[in-house]
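Here is a short briefing for a first look at this structure.

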Amino acid sequence: MARKLTLDFLKTEAGSGVVLGLAALLALLVANSPWAADYFAGLKAELPFRFGPLALTLTTAEWIKEGLMAVFFLVVGLEIKYEILRGELSDPKQLATPVLAAVGGMVAPALAYMAVVLPTGGPHQGWPIPLATDIAFALAVFALVGRGLPASLRVFLLTLAIVDDLGAIALIAVLFSEGVAWPPLAGVAALLVAGALMASRRKVPAPFWVAGFAAVWWLTVQAGLSTSLTAVAFAAIVPVRARTEDGQSPLKEAMHDLHPYVAYLVLPIFAFAKAGVSFAGLSLDPALVPLVVGIAAGLFVGKQAGVMVLVWLAAALKIGRRPTGASWMQIYGVAVLCGVGFTMSLFIGALALPGDVDSPQQVAVKLGVIAGSVLSALWGALVLGAASRASRKKIARTAKD
C-alpha cells in the first residue's frame, strides 16, 4: 500500500510538470506582451474578504502566497507524515542517505550563493533562495528521461525533495516570520493541541479538519506568521489511522483529494504569478548582477555538489546506502535535478527579499531561479537520458547472452 501511494503521488506530480511549464511560459509571454501592465497591476491589486465580523485585505500575490500555497504545504506535510510513519522514511537505512543528501543540498547552495555575493556586495539575505527543490518539476523531468532506470531512484528523489522542502519550511519559519502577534499565535497553538487530542481519542468527521485548518490559517495570518509552517504543523495532527477497518484514514483521504488540486491548480497559479519577468529594456547587465549569478550558482553548482558529496560520505562511512540498483552516474543525474528550485525558490525569494512583483530585486530573483532551474533541468535530463540508454543497452546485452 505504501508503494502504491508513493507511485500515485509520483504520477500526479510528474504529470503536473507539463502544466507547470506551460503556466511559467504563459507568464513570461504575458509579462512581455501588450497585457503586461494589466498582469502586474492584477498581482498588486487588493482583494478584500469579509465573512461576518471577519475581514481581511491582501493583494492578489499575497492571497496566492499565503492562501493557495498554504494548501500546498499542507499536502507536503501530509506526505512527510505518511512517509515517516508508513512509507520509505520509516526505514532508518532507507532514510539516512536522502536525509544526509538533503542536508548537503541545503548547505552547499548557501555557500555557493555567499561565495558570489559577499565579494561583490550583493544582498546576503538571499542565501535561502537556492536551498529548496521543486518536487513536481524535478519528477516531471525524471519521468521524461528515466525510462529503464531503477524505481528506487524515484523514491530517493522524492524522499530527498521532501526532506529538502521540510528544511526550507523550517527556514521560512525561523527567518521570515517577524513581528508576531502573540494572542493569535496562542490561538493557533491551542487549536493544534485540541485537534491532536480529539484525533487521538475519537473519530473526527472530515468537516472538522476543513474548519480546523481554516481557523488555524486565519489566526496564522493575524499573527503575522508564515502560513507554510502552521500548514505543516496542522498536517502533523491529521490521523494516519483509518476510522473503520475497511475505510481510509483522514490523512490518506486528504492526500488523495488535495493532490490533483495542488498539482494542477495551486502550483500552476503560483507559477503564473511568480514566473512573469518583463524583458523590456533589459540588457545583459541585469542578468549578471550578483543576486542573479548567486542564485543560479547555488541551484546549478551548489545543489549537485552538496548532494553528491553527502551521498558519497554516507556510503563511505556505511551509515547509509545507495538506492537499490542505482549507479553513481544515475545518482549524479538525480543530484543535478535537485537544482530545479523553481516554485519553491520563487516562494522563498518573495519572503527573503520582499517587494513588488516587478521590483528590481524580485526580477533578479526570478532571473536567477529560472536560469539555475533551467540549467539543472537540461543538464540533469542529459545525464539521466545517457544513463537510461546505457542501462537499457546493458539489460539488452544481458538478455542476449
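Lys303 forms a salt bridge with Asp164, and their closest N and O atoms are 2.5 Å apart. The model is predicted. The chain has 15 helices and two strands, and the salt-bridge count comes to one.

**The salt bridge**

- Lys303 has a relative accessible area of 0%, so Lys303 is buried, the cut-off being under 20%.
- Asp164 also counts as buried, because its relative accessibility is 0%.

**The chain as a whole**

- The chain has 401 residues, and buried residues make up 52% of them.
- Take the contacts between residues at least 6 apart in sequence: 81% of them join residues at least 24 apart.
- The chain exposes about 18,000 Å².

- Strand 1 covers residues 46-51 and strand 2 covers residues 54-59.
- The two strands pair in the antiparallel sense, over six bridges.
- One of the bridge partners is Thr59 in strand 2, which pairs with Glu46.
- Strand 1 and strand 2 form a hairpin with two residues between the strands.
- In this hairpin, Gly52 takes a positive phi near 65 degrees.
- In a regular strand, side chains alternate between the two faces of the sheet.

**Aromatic pairs**

- The count of aromatic pairs comes to 12.
- One of them joins Tyr39 and Phe272: the ring centres are 5.3 Å apart and the planes stand at 85 degrees, over the 60-degree cut-off, so this pair is edge-to-face.
- Tyr39 lies in helix 2 (residues 36-44) and Phe272 in helix 10 (residues 250-274), 233 residues apart.
- Tyr39 has 7% relative accessibility, so Tyr39 counts as buried.
- Phe272 has 28% relative accessibility, so Phe272 counts as partly exposed.
- Trp63 and Trp217 make another pair: their ring centres are 6.0 Å apart and their planes are at 20 degrees, so the pair is stacked.
- Trp63 belongs to helix 3 (residues 60-85) and Trp217 to helix 8 (residues 206-223), so this pair ties together parts that are 154 residues apart in sequence.
- Trp217 counts as buried, because its relative accessibility is 14%.
- Trp63 and Trp217 also belong to one aromatic cluster, together with Phe49 and Trp218.

**A nonpolar patch on the surface**

- Which residues form the nonpolar patch on the surface? They are Val309, Trp312, Leu313, Leu317, Ile319 and Trp328.
- Together these residues have about 580 Å² of accessible area.
- Helix 12 gives the largest share of the patch, three residues.
- Val309 is found in helix 12.
- Val309 has 45% relative accessibility, so Val309 counts as partly exposed.

Technical notes:
Residues numbered from 1 in each chain as written. Predicted model: local features only at pLDDT ≥ 70, side-chain atom pairs only at ≥ 80, totals over all residues. Heavy atoms only, no water. Pairing = 2+ DSSP bridges. Helix = DSSP H or I, 4+ residues; strand = E, 2+ residues; numbered from the N terminus. Phe/Tyr/Trp six-rings, centres within 6.5 Å; stacked < 30°, edge-to-face > 60°. Buried < 20%, exposed > 50% of the residue type's maximum accessible area, 1.4 Å probe, protein only. Salt bridge = Lys/Arg side-chain N within 4 Å of Asp/Glu carboxyl O. Patch = residues over 30% accessible without salt bridge, like charges linked within 9 Å, V, L, I, M, F, W, Y side chains within 5 Å. Areas by Shrake-Rupley, 256 points an atom, 1.4 Å probe, with all protein chains shown as cover. Contact = heavy atoms within 4.5 Å.
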